[in-house]
Amino acid sequence: MKKTSGTGFFRTSFIAGAVLLLFSCVEAEAQVTIADKGKSSGRIIAAESAAEQEAASLLQDFILRISGAQMQILPSGTASGPGDIIILGTVPDSGLSEDAFRINASDGKIFITSGGDKGSVYAAVTLLEKYFGVRYYAADALYYSRMETLSLPEDLDIRQTPAFRYRQTQSYSLKDPLYKTWYRLDEPADVFAGNMWVHTFNRILPASRFGKDHPEYYSYINGERRPGKASQWCLTNPEVLEAACRQIDSIFKADPDKKMISVSQNDGNDTYCQCPECMEVIKREGAVSGLYIEFLNKIASRFPDKEFSTLAYLFTMMPPEHVKPLPNVNIMLCDIDCDREVPLTDNASGRHFMKALSGWSEISDNIFVWDYGINFDNMVAPFPNFHIIQPNIRTFRDHHVTMHFSQIAATLGTDLSEMRSYIVSKLMWDADADMDSLICEFTDGYYGAAGKYIRQYKKMLEGALLASGQRLWIYDSPVSHKDGMLNEACRKAFNRIFDAAEAAVAGQTEYLERVRRSRLPLQYSELEIARAEGRTAEPWVKDALELFEKRTREAGIPVLNERNNSPDEYCRLYRERYMPGETANKAAGASVSWIVEPTAERYRALGKTALSDGIYGGSTFVESWVGWEGADGAFVMDLGKETEFTYAGCDFLHQLGAWILLPKGIKVSVSSDGRSFRDFGSETIPEDDSPQVKFVKIGCRSQSPVSARYIRFDIEGTKVCPTWHYGIGQPCWFFIDEVEVY
């Protein structure tokens, strides 16, 4: 049966036998009866503060749903009796920290004591989940059983303290306010004044407002000041400090209930100010972070009753050698450059991060870790990182980390997104929870009889990753794993598991839909690997693409990557770009001679065949693409014989997140002998600042056929990231994957 209420979307269901057995055992031993045969045995007596009233309403709502009993909510101070639930609120000298709580039974009554903030609410959730059988797995999966009697042990005494004072993750289920409460989660708007929580320099001193009159406020890079929305500040300029403090003061005054704000670098790497004064501080401190901590300490001294968060990210990741952050300066340390196939302590990239974490923990007890469990470029692709989640969270806890954001971008369709959100949230509250129990609880509850197959798939995928020795990183491609965890034998085994999972719940629509949604990353991987291997002409690919398109539409999958490219767009492009066309490319098999070589040896070697092999690259630049960084490019294609054509061009990648921009222009010239070239045409390419990943065909066309054997391409690169880009003032790339001649 389905019904809705003020707290979101709910579904009632009888819980499996093991859970019902638990209830029967609890009932037999319980001495404090809350409700019996549809009538309440007590009341809810709650302090009048907001969190305590929220806890009371939550208990009242679910007790009514489960048992049919309507419990009164009465004010604090009401005389209590047996069966009452008394929500005391924050009690002085309770020894409980923020969000912590105690639930205990005494004299036939239940008492809830809070450590502050949401402690009472989380206590109510614990009662509902642990003793009254409510299970909430995701937005479409909240379950509870009707029970005549609700009771609790007379010796009940539970204390819980969260592993972190701030716990943030991602899930599409957060659209339901109850989900956030149930998983004990925070969001930036709850804590940070003006919702200023990361990459805030341009929000505090917008370059659009200050840049024209005060370019000296912004980074000095490669010989000039570069104001722009992605530029950093010149932190040794005293006017910047004063201007920032004025803005910060106004933000706090506009949001008086908040005590914390982020004053942190804009996104992008190596964009810090390199003027002589700033470089002097960096040299003295042995790290760019020293420049930032000195500046933050000055602000924190001006506002001693406030807390200031700043990033230790990319160029500021390593701690300074001398200056220490003040107690009210919060260090937001990010492990963005780390590989994910093993815990952070176990590979080179992770150990580099651990050096930073250890260094910061020696000089600060106020650390916020931003961890990544996401594939930004291919969200709907397998990302087997469950085996490292708990070890990493324990590592954070043990190094003075008090705030934690796990960025898993759990949009609908992301690889096992519901389970990853569940596991991460549970472990951010209790880092020592039993991982196997959590996974079994989730998979059995969310997938029903198919749960055991999902567990089998998860374990096999993790094992295949570790056996392959291949890295797992946050800009990964399924193609990178085509000879490892996604090799043909593994894919066949995974498909057999999913076939069995679908058969196990064939008559249960809600479970079947979840299994099919969890299979999408495997189906996407098969399409990507077929593309990269040049196998798209095989009949099964057409059927697989149609099925993927059908399933993503049925499930309402919104995006495939962080740049908001949709499944419908992917399927359309797949047909247009990768499926065999009617017109043959006359550059197929042509040889290449470099005039201005690609930037790295890997691209020089790859480009000998990749520009004419007929295999078009995907949205990740790790395969098929040939790149130039901060430079122009030039090369000659030898078609092998005199050939008639009217069009000659290249296929370019546009991916701003990877600093891959379209070039400024292209010039094409042709020759019959490879020595004397004549103009064929040229094109100027407009600047494109759109965030979507694009494949852009750029070339020149002749009104009448031209005959030539050799085609020369001269490409003018953008070379330097513009003011609006994350990498302002730094070298940017352009990438080509195929030369086209028609």
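**Cysteines, helix pairs and a few residues**

Q: How far is the sulfur of Cys700 from the closest cysteine sulfur, and which residue holds that one?
A: This is a predicted model, so keep that in mind throughout. A disulfide needs sulfurs within 2.5 Å, and the closest partner for Cys700 is too far for a bond. The distance is 9.4 Å, and the cysteine concerned is Cys650.

Q: Is Cys700 buried or exposed?
A: Buried means under 20% relative accessible area. Cys700 comes in at 2%, so the label is buried.

Q: How many disulfides turn up in the whole structure?
A: The test is a pair of cysteine sulfur atoms within 2.5 Å. Cys700 doesn't pass, with its closest cysteine sulfur 9.4 Å off. A search of the whole structure gives a count of zero.

Q: What angle do helix 8 and helix 10 make where they pack?
A: Helix 8 covers residues 238-254 and helix 10 covers residues 288-302. Their axes are 11 Å apart, and the pair is oblique. The crossing is right-handed, and the angle is about 45°.

Q: Which residues of helix 10 meet helix 8?
A: On the helix 8 side, the contact uses Val240, Leu241, Glu242, Ala244, Cys245 and Ile248. The residues of this contact divide into seven nonpolar, no polar and three charged. From helix 10 come Phe295, Lys298, Ile299 and Arg302.

Q: Which residues does Phe295 touch, leaving out those up to four places away in sequence?
A: Phe295 sits in helix 10 and is buried, at 1% relative accessible area. Among its contacts are three that belong to the helix 8 side of the packing, Val240, Leu241 and Ala244.

Q: How are helix 18 and helix 19 oriented to each other?
A: Helix 18 (residues 539-555) and helix 19 (residues 567-578) have axes that come within 9 Å and cross at roughly 165°. Angles over 145 degrees count as roughly antiparallel. That makes helix 18, relative to helix 19, roughly antiparallel.

Q: How many residues in the contact of helix 18 with helix 19 are charged?
A: Helix 18 brings Val541, Leu545, Glu546, Phe548, Glu549, Thr552 and Arg553, and helix 19 brings Pro567, Asp568, Tyr570, Cys571, Tyr574 and Arg575. Sorted by type, that contact has seven nonpolar residues and one polar, and the number of charged ones is five.

Q: Which residues is Ser518 in contact with, leaving aside its neighbours within four places in sequence?
A: Ser518 is part of helix 17 (residues 509-532). At 4% relative accessibility, Ser518 counts as buried. Its contacts are Leu416, Tyr447 and Phe498.

Q: What is phi for Lys37?
A: Lys37 is in the loop between strand 3 (32-36) and strand 4 (39-40). The residue is exposed, with a relative accessible area of 63%. Although Lys37 is not a glycine, its phi is positive, at about 50°.

Q: Where does Asp93 lie?
A: Asp93 is another residue other than glycine with a positive phi, near 65°. At 82% relative accessibility, Asp93 counts as exposed. Its place is the loop between strand 7 (85-90) and strand 8 (101-106).

Conventions:
Residues are numbered from 1 along each chain as its sequence is written. This is a predicted model: local features need pLDDT of at least 70, side-chain atom pairs count only at pLDDT 80 or more; totals for chains, interfaces and linings use all residues. Side-chain values use heavy atoms; hydrogens and water are left out. Axes are lines fitted to C-alpha atoms, for helices over the stretch in contact, and angles run from 0 to 180 degrees between N-to-C directions. Helices (H or I, at least four residues) and strands (E, at least two) are DSSP runs, numbered from the N terminus. Angles under 35 degrees count as roughly parallel, over 145 as roughly antiparallel, 65 to 115 as roughly perpendicular and the rest as oblique. A crossing is left-handed if the near helix is turned anticlockwise from the far one by less than a right angle, and right-handed if clockwise. Contact means heavy atoms within 4.5 Å. Ala, Val, Leu, Ile, Met, Phe, Trp, Tyr, Cys and Pro count as nonpolar, Asp, Glu, Lys and Arg as charged, and the others, Gly among them, as polar. Buried means under 20% relative accessible area, exposed over 50%, partly exposed in between (1.4 Å probe, protein chains only).
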